[in-house]
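Hi everyone, thanks for coming.

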Amino acid sequence: MAAPPAKKQLILNAFAMQAPGHLNPGLFRYPGDKGTSYNDLSHWISLARKLDEAKFHAIFFADVLGGYDVYKGPANLNPTIPAAAQFPINDPLYSIPALAAATESISFGVTASTTYETPYALARRFGTVDHLTNGRIGWNVVTSYLDSAARNFGLDTQIEHDERYRIADEYMHVAYKLWEGSWQDDAVNPGPAGYADPKGVRQINHEGKYFKVPGPALTSPSPQRTPLILQAGTSGAGKAFAARHAEAIFLNGHAPELVKPSVESIREQAKEAGRNPEDIKVLGGALVIVAETDEAAQAKFQDLVSYGDREGALALFGGWSGIDINKWGDEEDFRFVQQPAIRSMVNHWASTIPGSEGKVWNKNAIAEYLVIGGNGPKIIGSPKTVADEIERWVEVADVDGFNLSYATVPGTFDDIIEFLLPELRRRGLFWDDYAVKGGTFRENVYGKAGQKRLLPNHIGAQYVWREGEEIPQYALKEKETEGKGQA
């Protein structure tokens, strides 16, 4: 009799933001929440040490480059500011070397935009941090979605959606050339003849539609060279981009049955691009509220919700959707409004969220749903209940892990560590220790010592310095990024 297949061990990241609140507007007021300490480096060091000890793979830092100013707008931050709805917010990259120095193995995913920063500068910043963390850094590649960010960077409106992805694709190739192709592995060899061999350093001479970068990279080869590439896009263009570039992709959805088609689509496109589909690690997003019993967890959830700021939640909704729902009446049922984007979104919630039968989805209902955990699933219950649902996600959607958001920090993670992780370990769903203690982000994501560099079939690996070979030329066919959607 054949042995049952081994269970997939989960990748678990803490999903955070260096702001008073992330997906929890108003919860900075909850007793014991440390969100208001976001400016204090010791706060982040304490959290990183706790998660490192618990063997979380990474802290995944989200980021935005503008305020949520659509709701009751235009350009109105009045609902956003009192709720601390992702405002104010700090650049997360600056803290990462300190967090790495205070921990042993946990890695750090940092969001940075291809729309508002040049590839030469970004390659230098991430190359520097890859050195200072000994390879424990990942880049969450985004093209940005807020109109306020576009205005703050000198544009009247956002660059068209699919055009942002065409820019991003060339951007990635410039970065790969700098990280992988401008320095030989053994170019740095300090000694009597000098610090590095000039024959081992070359210009990349990139000239494309959007960028002209002679190079070479200002940073010498770091442990990973290219940081682990993370991405979160669900549009046609976003999924095509992920299939080419992502090593881990964050897919948000309310139910595994709804996420499954996107997982299958990305893996199939990866296969068509010559990659092993299993090389892309797919992460779902969830808020987990766990306690000793289902009843205790539900009571905890309701207590948390009572501190949430509904106006802040609607401000977040306005930024995510680009639509000001203040234009509709307070009792309007958004399942039936004439705005297709809102109607589709709300009907999606109504058909998938437990307890929605007969519910009127007015402004208050939308705010109530979004006030903790944002537009993602809430998994609430005892360790068994939560672990059962997590296991169902793995079985149905073929996800490889989760970005776990928080209602309070560090409270939500304390509960996950105390109640959930032992149950996941009992089921063989979560490791007892890092695959490579003190290893790079890529080594621990793939569970393989020595896998510091991009996999050979990754699109960026074509730029690895090979003796006697020139750096390949870049050309993107525009059809490769065609697709509909907003992410």
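Okay, let's start with charges: K7, K384, D388, E391, E423, R426 and R427 are joined up in a network of salt bridges. Before I go on, please keep in mind that this is a predicted model.

So what is a network like that built from? The general idea is that side chains of opposite charge can pair when their charged atoms come close. Are E391 and R427 buried or exposed? Both of them are buried.

In total, the structure holds 33 salt bridges. Another one joins the side chains of K363 and D330, at 3.2 Å from N to O. This is again a link between distant parts of the chain, with K363 in helix 12 (residues 363-370) and D330 in the loop between helix 10 (310-321) and helix 11 (340-352), 33 residues apart. The two partners have rather unlike surroundings. K363 has a relative accessible area of 7%, so we call K363 buried. D330 comes in at 52% relative accessibility, so D330 counts as exposed. And there's also D333 with R335, where the side chains meet in a salt bridge at 2.6 Å, N to O. D333 is buried, with a relative accessible area of 13%.

The chain is divided into domain 1, which covers 11-304 + 376-485, and domain 2, which covers 309-371. If you look at the numbers, domain 1 is written as two stretches. The C-alpha centres of the two domains lie 28 Å apart.

How many residues of domain 1 are in contact with domain 2? There are 25 of them, and they are in contact with 21 residues of domain 2. On the domain 1 side, helix 2 (residues 80-83) gives the most to the face touching domain 2, with three residues. As for salt bridges between the two domains, the count is two.

Helix 6 runs over residues 161-181, so that's 21 residues, and it reaches 30 Å from its first C-alpha to its last, close to the 30 Å expected at 1.5 Å a residue. Why do we say helix 6 is largely enclosed by the rest of the structure? Because 21 of its 21 residues are buried. At its N-terminal end there's a cap, E160, with a side-chain oxygen 3.2 Å from the backbone nitrogen of D162.

Helix 7, residues 236-245, is mostly covered as well, with nine of its ten residues buried. Among the buried ones are F241, R244 and H245. The buried residues of helix 7 pack against helix 6, helix 8 (256-272), and three strands: strand 4 (137-142), strand 9 (228-231) and strand 10 (248-251).

Most residues other than glycine have a negative phi, and most peptide bonds are trans. Now for some exceptions. The peptide bond from G73 to P74 is cis, with omega near 15 degrees, and P74 lies in the loop between strand 2 (58-62) and helix 2. The bond from V409 to P410 is cis too, with omega near 5 degrees, and P410 is in the loop between strand 13 (401-405) and helix 14 (411-426).

For positive phi, take K55, near 75 degrees, in the loop between helix 1 (41-53) and strand 2. K55 counts as buried, at 16% relative accessibility. N134 has a phi near 55 degrees and is found in the loop between helix 4 (119-132) and strand 4. With a relative accessible area of 47%, N134 is partly exposed.

Note on methods: Residues numbered from 1 in each chain as written. Predicted model: local features only at pLDDT ≥ 70, side-chain atom pairs only at ≥ 80, totals over all residues. Heavy atoms only, no water. Helix = DSSP H or I, 4+ residues; strand = E, 2+ residues; numbered from the N terminus. Expected span 1.5 Å × (residues − 1). Buried < 20%, exposed > 50% of the residue type's maximum accessible area, 1.4 Å probe, protein only. Polar contact = N/O pair within 3.5 Å; in protein donor to acceptor, adjacent residues only side chain to side chain. Contact = heavy atoms within 4.5 Å. Domains from an automatic or database assignment. Salt bridge = Lys/Arg side-chain N within 4 Å of Asp/Glu carboxyl O.
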